[in-house]
Amino acid sequence: MPEVIFNGPAGRLEGRYQPSKEKSAPIAIILHPHPQFGGTMNNQIVYQLFYMFQKRGFTTLRFNFRGIGRSQGDFDHGAGELSDAASALDWVQSLHPDSKSCWVAGYNFGAWIGMQLLMRRPEIEGFISIAPQPNTYDFSFLAPCPSSGLIIHGDADKVAPEKDVQGLVDKLKTQKGILITHRTIPGANHFFSGQTETLLTECEDYLDRRLDGELVPEPAAKRIR
């Protein structure tokens, strides 16, 4: 898988990129956990998500946020990292102009950035949000959430307690026009210690069902005149 360096808003960004053989294949961007707590694009969950999308024919990119690895710049508490993610998507789209759709997947801090990105980019048609932290980060920007997606976490997560994630899910589920799928992994902590395989199986199942045309909202009933 090619190592790539591309321009970001604060300097060069380092990534790993795997183009699809199909020109019009969808794009997947994978976003890593918190940069100040050891998060990098080589996080095991991020790495596995990358291959999950790649095996299904997506053009796939994971990259280091500013200040991590060979990426230039300094940690910017989310605002700069969102700009990094937007630049990453721009870069992939410039290489794949025939691609019309995109998915974003993120874990921890990356889940927060990913859900902000999908608010800005209408071509993002699906998301996977792993262990988001509504107790730490403000998710009020999801008003309304424009895309259907998966929110998945562990019920033994002390970093992002179950009740807080459930509150976010409940809020999003009141919206019309999207379908939020919610999965809880029994006994899993925030790092999915010993449960990474279970996590990936759930993510694969969700993605496969979406690609098969399932798990999308029912079309609104037409009014009879």
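The model is predicted, so to speak of local features a pLDDT of at least 70 is needed and side-chain atom pairs count only at pLDDT 80 or more, while totals for chains, interfaces and linings use all residues. Residues are numbered from 1 along each chain as its sequence is written, and side-chain values use heavy atoms, with hydrogens and water left out.

Of the 225 residues, 52% count as buried, where buried means under 20% relative accessible area, exposed over 50%, and partly exposed in between (1.4 Å probe, protein chains only). The radius of gyration is 17 Å, which agrees with the value near 17 Å for a compact globule of 225 residues; the radius is taken over C-alpha atoms, and the globule rule is 2.2 Å times the number of residues to the power 0.38. Along the principal axes, the C-alpha atoms fill a box of roughly 55 × 40 × 30 Å. Among contacts between residues at least 6 apart in sequence, 70% join residues at least 24 apart, a contact being heavy atoms within 4.5 Å.

The secondary structure consists of five helices and eight strands. Helices (H or I, at least four residues) and strands (E, at least two) are DSSP runs, numbered from the N terminus. In that direction the elements run β-β-β-α-β-α-β-α-β-β-α-β-α. For residues 17-138, UniProt lists "domain: Xaa-Pro dipeptidyl-peptidase-like" in an unreviewed entry; UniProt positions are in the numbering used here, feature names are shortened, and annotations may be inferred rather than shown by experiment. This span is 34% helix and 20% strand, and its end C-alpha atoms lie 30 Å apart.

Within the span, Thr60 belongs to strand 4 (residues 59-63). Thr60 counts as buried because its relative accessibility is 0%. Its side chain reaches the backbone oxygen of Phe58 at 3.2 Å. Neighbours within four places in sequence aside, Thr60 is in contact with Arg16, Tyr17, Gln18, Ala28, Ile30, Phe50, Phe53 and Gln54.

Ala85 sits in helix 2 (residues 79-95) and is also buried, with a relative accessible area of 0%. Not counting residues up to four places away in sequence, Ala85 touches Leu31, Phe63, Ile113 and Leu117.

Pro144 is in the loop between strand 6 (124-130) and strand 7 (148-154).

His182 lies in strand 8 and counts as buried at 16% relative accessibility. The His182 side chain makes a polar contact of 2.8 Å with the side chain of His153. A polar contact is a pair of N or O atoms within 3.5 Å; within protein, one must be able to donate a hydrogen and the other to accept it, and residues adjacent in sequence count only if both atoms are side-chain atoms. Leaving aside neighbours within four places in sequence, the contacts of His182 are Ile151, His153, Gln166, Val169 and Lys173.

Phe192 is not a glycine, yet has a positive phi of about 55°. The residue is buried, with a relative accessible area of 0%. Apart from neighbours within four places in sequence, Phe192 is in contact with residues including Ile45, Tyr107, Ile130, His153 and Leu199. Leu215, in the segment after helix 5, likewise has a positive phi, about 60°, although it is not a glycine. At 16% relative accessibility, Leu215 counts as buried.

The cysteines remain. With a disulfide defined as a pair of cysteine sulfur atoms within 2.5 Å, the count comes to zero. Cys102 is in no disulfide, and its nearest cysteine sulfur, that of Cys145, is 14 Å away. For Cys203, also in no disulfide, the nearest cysteine sulfur is that of Cys102, at 16 Å. Cys203 counts as buried because its relative accessibility is 0%.
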